[in-house]
Protein chains: 2
Amino acid sequence: MPFPDCEFPDPMPDLAFPFALGLSSLATEGFEVRILDQRVLPHDVRMCVLRSLEDSALAIESMQVRGAPLIGVTAAYGVALALKKDASDQGLENALCRLGKTRPTAVNLHWALAQMAMRLEPLAPHARPHAAWQQAQALHRQEQGFAKAIGVHGLEWIKAQHNPNRPFQVLTHCNAGALATVGPGTALAPLYAAHRAGIDIHVWVSETRPRNQGWLTEWELRQAGVPCTLIADNAAAYLMTKGDVDWVIVGADRIARNGDTANKIGTALKAMAAHWHRIPFHVAAPSSTIDWACHQGEAIPIEARDPRELLNPPGTLMQVDIHLLSGRTLANPAFDVTPADLITGFITEQGICTPSSLQALQK
Amino acid sequence: MPFPDCEFPDPMPDLAFPFALGLSSLATEGFEVRILDQRVLPHDVRMCVLRSLEDSALAIESMQVRGAPLIGVTAAYGVALALKKDASDQGLENALCRLGKTRPTAVNLHWALAQMAMRLEPLAPHARPHAAWQQAQALHRQEQGFAKAIGVHGLEWIKAQHNPNRPFQVLTHCNAGALATVGPGTALAPLYAAHRAGIDIHVWVSETRPRNQGWLTEWELRQAGVPCTLIADNAAAYLMTKGDVDWVIVGADRIARNGDTANKIGTALKAMAAHWHRIPFHVAAPSSTIDWACHQGEAIPIEARDPRELLNPPGTLMQVDIHLLSGRTLANPAFDVTPADLITGFITEQGICTPSSLQALQK
């Protein structure tokens, strides 16, 4: 798919992120890529500059950048940075290979690399560096547009569902906000749009062990003035049983063509609880997250991350009390697959659809 | 109900706890009550002596002792300690009232206090101190017998279910082991019995945020040589989907007469996931955990604990980085209610029954 112009209606024209700070998860200046180091948030706001292929690959592997759409854009710029130094066929191949191995589950990474390859492989080496930068910028702008469009479509759904006499209560998991994308988010984009439209919403944010990305969500929602409450991952069913959850919305790392969806570990538990309570459960993601070559969830590779992540204290990824590992066996799968049967609908840049009508999005 | 003799078959006659250390969660010596301070486990093994009503009440409130059966026994000794100083009607009333307010959800506390009241109120004050101690010891022995009997009945179930060609894979939540009782545990008693019977079992232990009681379970299983792996609470559905969970077993804090069961926050999520995957889900508890006056789960009071518990680093309850609270809203419900429809069966000291046949246990 070439890069369409991103002429979506824009409900959030001045929604820079983080809202109070005027930063963004990824920005370019000249031929430099600056990222917000998400490993130290929310304690510390620190920018890093990516100058090479290796900088970009390590940023993805170490989760300085995270979130499927942001990983894709970072990888695209990683190719462009690599070609500045070596634009030969071998140089391009090396870049695609190195970046492709950084993280296995989020398909946006592979989607972005495929887009870069398709554009750059036919070109002569001397033409590649400039074209690569342009292509990465086009992908960047496209993902910004996708996130805004997801906000528009999700807002329509909220408007149709919410009872104006009481707050609209939303539960989310992990971080699928501005920090996970290059726009206002995927799962959080409709919530920002609703808040700006004056709808009284409140968001339950599950802390998302073991990497604690819920703390990122809480941080960015609070920056934007959206009322939210941080909870343990374990509290989801309790809140649903109490009647305090009207909607569950999450992002995605890879959607199979039948609608099975890989997302942060713990998502499937929330989907099963929502199903039991008959609460609608939506997945918000750009179409770049759909893996048309993957027929069902079983085929999605699930990343097993370092078990030491289980030692992370809340709210930080940096201080690990390593002696806690001694003698213990720990396991740390990073994603799970929510069966399509448990998903009420998908919110993409093209609108809202059910799992059974997802295939109509394939072009 | 008076105190029956506890003549259960004993599959674990020499199963002292913690197994390698020769300690127990609660022990008496003369008229002194010694407890293992569970707030500092597994980092540190520290005994505390309870000498008064207030010592006992604070030990329960602060979770130096925890787990429904152990809370009940501690409260019974708390009454006995109180009556050593003031055995008047007022003194007895004060003790029952103070201890009754320590924690709201676990019904064993109220059951134990009702047993103490029933025995002590008719007596003259001078006869109460001795009778109170005897009564607390009778309760203590009774709960020990209950836990062992739960192990026997649960072992029969495991024997009938497990495939001898591969490990029997069990998922548990929170700590319902020797640390939560005065015997080998409730949920963990059948697992210890199976391990001793030579059955190849492996236990997935969810860390149980925010108080991290999974680290206690991992610690006591490891002391006993039972193979186990610590996981994030979020990983349960992933393991079930992979086919790596044969059985879910948990303890309980209060069981309503219809079978709805309050247990540690996060239990209901696991029950919903087990239901989706058609994996049997059992609740192990002594009959002292059944609240016959409570008709259904909605009536069970759910404790809201200090939100600062969300700041607990893994594996400890002691180091809280308090500035993380700044500006944030946090919520910390400590229990949830698993609907009876999701429970395959209850394992009590009297055997295994379904939710619909639970009422036959009422005497």
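# Notebook: a buried glutamate, a helix and an interface

**Entry 1: Glu309(A)**

I started with a pair of residues: Glu309(A) and Arg211(A) are both buried. A reminder to myself before going on: this is a predicted model.

How accessible is Glu309(A)? I found a relative accessibility of 7%, and the cut-off for buried is under 20%, so Glu309(A) counts as buried. I then looked up where Glu309(A) sits, and that is the loop between S11 and strand S12 (335-338) of chain A.

Next came its partners. Glu309(A) and Arg211(A) form a salt bridge, with 2.6 Å between the closest N and O atoms. Arg211(A) belongs to the loop between strand S5 (201-206) and helix H7 (213-223) of chain A, so this pair ties together parts that are 98 residues apart in sequence.

I also noted two polar contacts made by the side chain of Glu309(A). One goes to the side chain of Arg305(A), at 2.8 Å; another, of 3.1 Å, goes to the side chain of Asn332(A). Setting aside neighbours within four places in sequence, I listed the contacts of Glu309(A) as Met63(A), Arg209(A), Pro210(A), Arg211(A) and Asn332(A).

**Entry 2: salt bridges elsewhere**

Over all chains, I have 34 salt bridges in the structure. I picked out two in chain B.

Lys242(B) and Asp244(B) meet through their side chains, at 3.3 Å from N to O. Asp244(B) has a relative accessibility of 17%, so I put it down as buried.

Asp306(B) and Arg308(B) form another salt bridge, and the closest N and O atoms are 2.6 Å apart. Here Asp306(B) is partly exposed, at 33% relative accessible area, and Arg308(B) is partly exposed too, at 40%.

**Entry 3: helix H4(A)**

I checked the length of helix H4 (residues 107-120) of chain A.

Is H4(A) mostly covered or uncovered? Mostly covered, since I see that 10 of its 14 residues are buried. Among them are Trp111(A), Leu113(A), Gln115(A) and Met116(A). I looked up what these buried residues pack against: helices H1 (53-61), H2 (68-85), H3 (89-100) and H5 (128-161), plus strands S8 (254-256) and S11 (290-291), in chain A.

**Entry 4: where chain B meets chain A**

How many residues of chain B are in contact with chain A? I got 53, touching 53 residues of chain A. The area buried between the two chains is about 4,200 Å², and carbon and sulfur atoms give 67% of that. Asn234(B), Leu269(B) and Trp276(B) supply 19% of the area that chain B buries against chain A, more than any other three residues.

Which elements of chain B take part? Helix H7 (214-223), strand S6 (228-231), helix H8 (236-241), helix H9 (267-277) and strand S12 (335-338) of chain B each supply at least two residues. H9(B) gives the largest share, eight residues. By type, I sorted the chain B side into 30 nonpolar, 13 polar and 10 charged residues.

Notes: Residues numbered from 1 in each chain as written. Chains lettered and ligands numbered in written order. Predicted model: local features only at pLDDT ≥ 70, side-chain atom pairs only at ≥ 80, totals over all residues. Heavy atoms only, no water. Buried < 20%, exposed > 50% of the residue type's maximum accessible area, 1.4 Å probe, protein only. Helix = DSSP H or I, 4+ residues; strand = E, 2+ residues; numbered from the N terminus. Contact = heavy atoms within 4.5 Å. Polar contact = N/O pair within 3.5 Å; in protein donor to acceptor, adjacent residues only side chain to side chain. Buried area = accessible area lost by both parts, 1.4 Å probe. Nonpolar A, V, L, I, M, F, W, Y, C, P; charged D, E, K, R; others polar. Salt bridge = Lys/Arg side-chain N within 4 Å of Asp/Glu carboxyl O.
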